[in-house]
Amino acid sequence: MRRAWLVVGRQQTSLSFRLDRRVPVWLLGLAGAALVASVLSVGVGEYPISSLDVIRAVLGLETGNPDHSFIVRTLRLPRVLVALGIGAALAVSGVIMQGLTRNPLASPELTGVTAGASLAAVVLLVATPAASVVALPWAALLGAVIAAGLVYLLSWRGDDSPLRLILVGIGLTSIIGALTTVMVTFGEIDDVARALVWLTGSVYGTSWEGLRALVPWMAVFLPAALILARHLDVLHLGEDVARGLGSRVELQRGLLLLTAAALVAATVTVAGTVGFVGLIAPHIARRLVGPSHEGVLPTAALTGSLIVVLADLLGRTLFAPVEIPCGVVTAVIGAPFFMYLLYRNRNN
Amino acid sequence: MTATSFHLTRSSPALSLGLVVALGVLLAVVIVSVLYGAADIGAATVWAALFSYDGSTEHLIIRTLRVPRALVAVLVGGSLAVAGAVMQGVTRNPMADPGLLGIEAGAALAVVAAVHFQGISSLAVYTWFALAGAALAAVVVYALGSAGRGGITPLKLTVSGAALTALLSSLTTGILLLDRRTLDEVCFWLAGSVAGRDLGLMLQALPLICVGLLGALLLGRKVTTLSLGEDVARGLGQRTAWVRAAAALVVVLLAGGAVALAGPVGFVGLVIPHAVRFFVGVNYRWILPYSALAGAIFLVLADVAGRLILRPQELPVGVMTALVGGPFFVYLVRWKVRR
């Protein structure tokens with residue numbers, strides 16, 4: 001008989017994963033799709049490069065054209081890698097938020113967490129113009145955590161109302177957005193230009209420096225999320241059940257929230273507000289591999305990567321030579337999806 | 001039936017007197033708004049600019065910059081507040097606001113799209129596109145918000161509005177990025193500001209706003225009845241469908257006109273009716289005129305504050321209203337609205 005679950009790792013050790021059988025297949029498929037999309041994305045541009053040459057240039061092989069190596073490795077590759085990274089980070093934080101709040105509409109941008117991270121980063125930029133790329137994510141993390149705490153405190157009233165959480169998030173987002181405008185107006189002009197670059201939600205002009213700022217955060221918090229995913233399954237059953245099963249509910253919630261906030265903070269400092277990825281990707285992943293979070297989390301991460309790479313590719317090619325930031329593309333796709341979710345949950 | 005038969009907390013004469021006082025306050029804040037600015041211009045010069053114009057720089061500043069700015073703030077604040085009050089009464093939704101429900105975003109997108117696709121640059125046509133966009137957005141948000149069991153609930157309607165706003169404003173951003181020319185033409189307008197509007201544009205929107213205001217005031221008593229609930233209104237013999245349609249038309253005229261003038265300015269329509277209700281009770285025959293005056297006062301003050309806070313830079317008036325209205329919105333969601 002075919003077992004429905006795969007168990008990875010020995011069950012005696014503390015680290016093991018129980019996955020739906022569909023997970024590895026979809027992970028491979030999505031990874032392949034993301035790879036193809038990335039190669040295409042690197043090849044497309046003012047100076048088109050064939051896919052084969054792209055692969056050669058990335059691997060450091062000779063392509064017969066000395067320009068290829070520079071264009072691919074210096075200009076285009078970091079951009080695509082950052083798109084892959086922020087897609088994964090946003091999707092994972094979306095999975096965590098939807099799991100924690102048991103709210104299918106929760107996502108970093110709808111709850112005001114992204115806005116909080118942006119405001120904190122802008123404040124740091126205006127206060128100390130010399131702030132390094134390394135310091136920015138920390139400020140953004142602080143802002144994200146504060147915003148998450150605020151939205152949770154203000155919307156919790158003893159019952160779970162998915163819509164109230166979203167509405168408090170919308171209110172917070174508009175306040176924080178206004179404060180960000182105040183800071184941008186208040187600050188010196190060149191800081192503002194720097195601030196606005198990543199407030200529009202774009203991976204335009206991302207260099208290896210941006211990628212280097214993103215990688216440590218991803219390296220710590222993506223595995224952390226994967227390890228914590230099993231707790232999401234338990235927490236998702238409700239606080240009482242989770243407690244009854246012996247979960248340390250507060251600690252796990254805190255760690256999960258910190259992970260989600262850190263991932264959002266890292267993306268905001270590198271690419272600004274790329275909206276709706278954290279909303280869509282978890283839903284697609286659940287549709288593909290079922291509700292267990294240990295499977296949903298990596299699937300959503302790859303889905304998110306794919307979405308952002310495709311959004312960036314679309315934004316660059318649809319109206320070339322004009323570039324539409326990938327944040328606008330994801331919003332145009334994501335907002336109708338949000339409406340669809342509202343419609344589907346209309347009876348709750 | 002007279003207003004007093006509604007057993008309000010305050011008598012009709014007191015409320016009439018209050019309107020006169022509010023009018024006086026409005027006049028005072030408009031004067032402050034005209035007097036205050038980057039260039040120091042004395043009260044005597046302002047008076048002279050208005051009544052014995054001599055074409056000097058100072059007179060020019062007063063006539064072409066300061067007075068239109070104050071008047072635009074008056075018009076926009078008044079019409080947004082009345083639109084919000086009508087929406088709150090008719091939908092029985094304390095969180096209704098033309099900005100939050102996506103109606104302003106619809107008007108904004110329609111104008112930007114018109115400029116981009118039709119190459120329209122005359123301000124006169126802005127207004128009509130703004131109205132069409134506002135109407136379309138209103139229909140969509142109402143349909144989306146009323147889907148499902150339990151019909152239209154405040155939370156559902158407001159979240160639908162937020163989703164619609166997200167979609168429409170990202171489309172607006174997309175069009176603006178595509179087209180530098182559109183960006184240059186409407187950028188000043190899209191920021192949600194009352195600065196730099198010329199009198200020609202104001203004269204375009206003025207008739208629409210006046211018709212909308214008049215219609216709202218005429219609807220006052222019907223809105224009061226409808227705000228007691230659909231069943232009650234029907235029981236009292238009201239043809240509710242007609243009242244709803246008329247109210248929707250009024251909202252579209254007011255919100256569309258306001259957006260054509262100032263771009264999207266949020267939260268005025270949310271905050272003002274609540275503040276007014278606190279003073280004058282639940283009768284929309286009073287709420288509506290008070291909202292018009294209070295909204296105008298609020299927006300003129302917000303504009304003056306936006307000029308004061310970060311001198312010499314200016315904050316768009318939309319930022320100021322969001323700073324006041326955002327916390328109030330959260331308060332409503334948190335403490336006032338059940339699911």
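With which residue does Asp53(A) form a salt bridge? In this predicted model, where local features need pLDDT of at least 70, side-chain atom pairs count only at pLDDT 80 or more, and totals for chains, interfaces and linings use all residues, the partner is Arg56(A), with the closest N and O atoms 3.1 Å apart. A salt bridge is a side-chain nitrogen of Lys or Arg within 4 Å of a carboxyl oxygen of Asp or Glu. Residues are numbered from 1 along each chain as its sequence is written, chains are lettered from A and ligands numbered from 1 in the order in which they are written, and side-chain values use heavy atoms, without hydrogens and water.

Asp53(A) and Arg56(A) sit three residues apart in helix H2 (residues 51-59) of chain A, about one helical turn. Helices (H or I, at least four residues) are DSSP runs, numbered from the N terminus. Asp53(A) is buried, at 14% relative accessibility. Arg56(A) is partly exposed, at 31%. Buried means under 20% relative accessible area, exposed over 50%, and partly exposed in between (1.4 Å probe, protein chains only).

The whole structure holds eight salt bridges over all chains. In chain B, Glu230(B) pairs with Arg244(B) at 2.4 Å between the closest N and O atoms. Glu230(B) lies in helix H9 (residues 230-235) and Arg244(B) in helix H10 (residues 240-262), so the pair ties together parts 14 residues apart in sequence. Glu230(B) is partly exposed at 24%, and Arg244(B) is partly exposed at 23%.

Arg307(B) and Asp303(B) form another salt bridge, 3.3 Å from N to O. Both residues are buried. They lie four residues apart in helix H12 (residues 284-308) of chain B, about one helical turn. A network of salt bridges links Arg307(B) and Asp303(B) with Arg69(B) and Glu314(B).

How values were computed:
Helix = DSSP H or I, 4+ residues; strand = E, 2+ residues; numbered from the N terminus.
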